[in-house]
Amino acid sequence: MGTTQQQPPSDLGPQPDGSGPGVGASVPAGSSVSTTPEVRSEMSGAASGPGPGATPTGRRTRRLSLGSASGIVPLARDFTRQALYDWGWLPAATADRRAAAEDVLLVVSELVTNACLHAEGPEELRVSLDAKVLRLEVEDRGAGQPAPRTPHRAGRPGGHGMFIVQRLCLDWGVARSDGTPGKTVWAELAAPA
C-alpha cells in the first residue's frame, strides 16, 4: 500500500494576500533555475460582458511548460485550479459546478501521471476553455498509445487512469505530429451550466 506524500505549495499564482506573480505571468525562457516552469496565457475572441465569469466568444488557453519542473502533478493541478478560478468555475456555487471542477482536476492528474509513468514525462500542459467545452492537453515525449486497461478490474490497484479519463470526459484522444517524437493526449469536459 502506497502513501501520498504532501507536496509543498507551488510558487506560481497569487499569494493569499494577493501579492506575487499571477498564473498568467510569463517566466523567462532562459531562466537559470531549471525547475521553474514557463507559464503562458492566450485568448482569442472577445469576452461578452464584463467580469471574470463572462462567457467568451473565443477560446482562452493557458500553457504550462513541465519539461524540467519538479512536483509535476501537484504543479499541474495548482495551475489548472487557478485557471478555473480565473474563468469563474471556482468557487463553485452549486454541487454540480463543484463536481465539474473536481472532475477537471482529477483528469489533469491522471493525464499528467500517465505521461510521467508511461511516456518519458510531460513537456507541456494546455488548458483551454470556450463557451461549452474545457479541453486539457498533455504533450509528452513517449511513442506509446494510451488506452484504458481492459478488462477493467475495479478492485485492483493501478491501471485506472485512462479508464477514469474515458468515464469523466465527453471525448479524449491522441494527436501526433509528423516528423516529431511524442504526442499530445487530449480530453474534453463539458463546461458547467
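**Helix packing in a predicted model**

Let me begin with the pair formed by helix H2 (residues 95-118) and helix H3 (residues 161-168), which pack at an angle of about 145° with their axes 9 Å apart; axes here are lines fitted to C-alpha atoms, for helices over the stretch in contact, and angles run from 0 to 180 degrees between N-to-C directions.

Residues are numbered from 1 along each chain as its sequence is written, and side-chain values use heavy atoms, with hydrogens and water left out.

The crossing of H2 and H3 is left-handed, a word used if the near helix is turned anticlockwise from the far one by less than a right angle, with right-handed used if clockwise. On the H2 side the contact (heavy atoms within 4.5 Å) involves Asp-103, Leu-106, Val-107, Glu-110, Leu-111 and Asn-114, and these meet Gly-161, Met-162, Ile-164, Val-165 and Leu-168 in H3. By class, that contact has seven nonpolar, two polar and two charged residues, where Ala, Val, Leu, Ile, Met, Phe, Trp, Tyr, Cys and Pro count as nonpolar, Asp, Glu, Lys and Arg as charged, and the others, Gly among them, as polar.

Staying with Asn-114 of H2, this residue counts as buried at 18% relative accessibility, since buried means under 20% relative accessible area, exposed over 50%, and partly exposed in between, with a 1.4 Å probe and protein chains only. Leaving aside neighbours within four places in sequence, Asn-114 is in contact with Ala-119, Pro-146 and Met-162.

The other pair is H1 (residues 72-86) with H2, packing at an angle of about 150°, again with axes 9 Å apart. H1 and H2 are therefore roughly antiparallel to each other, given that angles under 35 degrees count as roughly parallel, over 145 as roughly antiparallel, 65 to 115 as roughly perpendicular and the rest as oblique. H1 passes H2 in a right-handed crossing, and among the residues making the contact are Ala-76, Thr-80 and Leu-84 of H1 and Val-104, Val-108 and Cys-116 of H2. That contact has 11 nonpolar, three polar and two charged residues.

Within H1, Thr-80 is buried, with a relative accessible area of 0%. Not counting residues up to four places away in sequence, Thr-80 touches Val-104, Leu-105, Val-108, Leu-125 and Val-127.

Turning to the loops, Pro-91 sits between H1 and H2 and is joined to Leu-90 by a cis peptide bond, with omega about -5°. In the loop between H2 and strand S5 (122-129) we find Glu-120, whose phi is near 60°, a positive value in a residue other than glycine; Glu-120 counts as exposed at 58% relative accessibility.

As for cysteines, Cys-116 is partly exposed at 36%, Cys-169 is buried at 10%, and the structure holds zero disulfides (pairs of cysteine sulfur atoms within 2.5 Å).

Finally, the overall picture: the protein has three helices and eight strands, running β-β-β-β-α-α-β-β-α-β-β from the N terminus on, and 37% of its 193 residues count as buried.

Technical notes: This is a predicted model: local features need pLDDT of at least 70, side-chain atom pairs count only at pLDDT 80 or more; totals for chains, interfaces and linings use all residues. Helices (H or I, at least four residues) and strands (E, at least two) are DSSP runs, numbered from the N terminus.
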